[in-house]
Amino acid sequence: MVAIAPDLKAFLLATPFFGGLPEPSLDLLVSMLVERRFDAGATVVAEGEAGRSMFIVKSGRLAVSKRATAGSVVPISVLSAGDFFGEMTLIEMQNRSATVLAEAPTVLYELTAQNLYACYKTDIHAYVIVLQNINRELCRRLRRSDDRFAGRLERDDD
């Protein structure tokens with residue numbers, strides 16, 4: 001097994017995606033990650049394209065946007081170190097739901113659907129923790145979206 005730098009382990013355990021994993025499970029998942037680098041201005045994923053992987057942000061800044069029905073680009077969120085994205089395509093096996101652009105030089109760790117399935121086959125406990133972590137993050141995002149939507153409705157009523 002490849003030795004994993006302690007600072008990388010500490011960083012990953014501090015992210016919402018890897019939180020709560022025991023060391024052997026973390027080692028397994030980390031061995032599956034592929035580092036990806038993007039220059040400022042690069043498109044990491046594009047809305048509508050097929051997606052079979054997700055990403056954990058090591059460094060940089062990314063803008064998430066979605067195209068509105070009228071064709072305009074609607075900003076959704078900004079991502080930075082410790083955040084993750086692309087998990088929806090792993091869960092629902094659908095095309096990318098948004099576009100993610102690197103606003104600064106960015107380093108990401110990619111985890112493919114195939115590797116996540118290998119985790120399921122090898123370490124079901126780690127797989128369950130990862131899915132719980134993904135679900136918690138999706139719930140946090142839904143709550144933020146609900147709050148923004150409710151705030152918009154409130155402003156429209158004024």
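The legends below describe close-up views of a predicted model.

In this predicted model, local features need pLDDT of at least 70 and side-chain atom pairs count only at pLDDT 80 or more, while totals for chains, interfaces and linings use all residues. Residues are numbered from 1 along each chain as its sequence is written, and side-chain values use heavy atoms, with hydrogens and water left out.

**View 1. Helix 2 (residues 23-32) is mostly covered.** Helices here are DSSP runs of H or I with at least four residues, and strands are runs of E with at least two, numbered from the N terminus. The buried residues include Ser25, Leu26, Asp27, Leu28, Leu29, Val30 and Met32.

**View 2. Helix 2 packs with helix 4 (residues 113-122).** Two packed helices are described by the angle between their axes and the distance between the axes. For helix 2 and helix 4 the angle is about 155° and the axes are 10 Å apart, the axes being lines fitted to C-alpha atoms over the stretch in contact and the angles running from 0 to 180 degrees between N-to-C directions. Helix 2 and helix 4 are therefore roughly antiparallel, a term for angles over 145 degrees.

**View 3. The lining of the largest pocket is made up of 27 residues.** A pocket is an open set of points on a 1 Å grid over the protein atoms alone, where a 1.4 Å probe fits, with protein on both sides within 12 Å along at least five of seven lines, and lining residues have an atom within 4 Å of a point. Val64, Ile76, Ser77, Met88 and Arg141 lie nearest the centre of the largest pocket, and helix 5 gives the most to its lining, with 7 residues.

Terms used: Buried < 20%, exposed > 50% of the residue type's maximum accessible area, 1.4 Å probe, protein only. Parallel < 35°, antiparallel > 145°, perpendicular 65-115°, else oblique.
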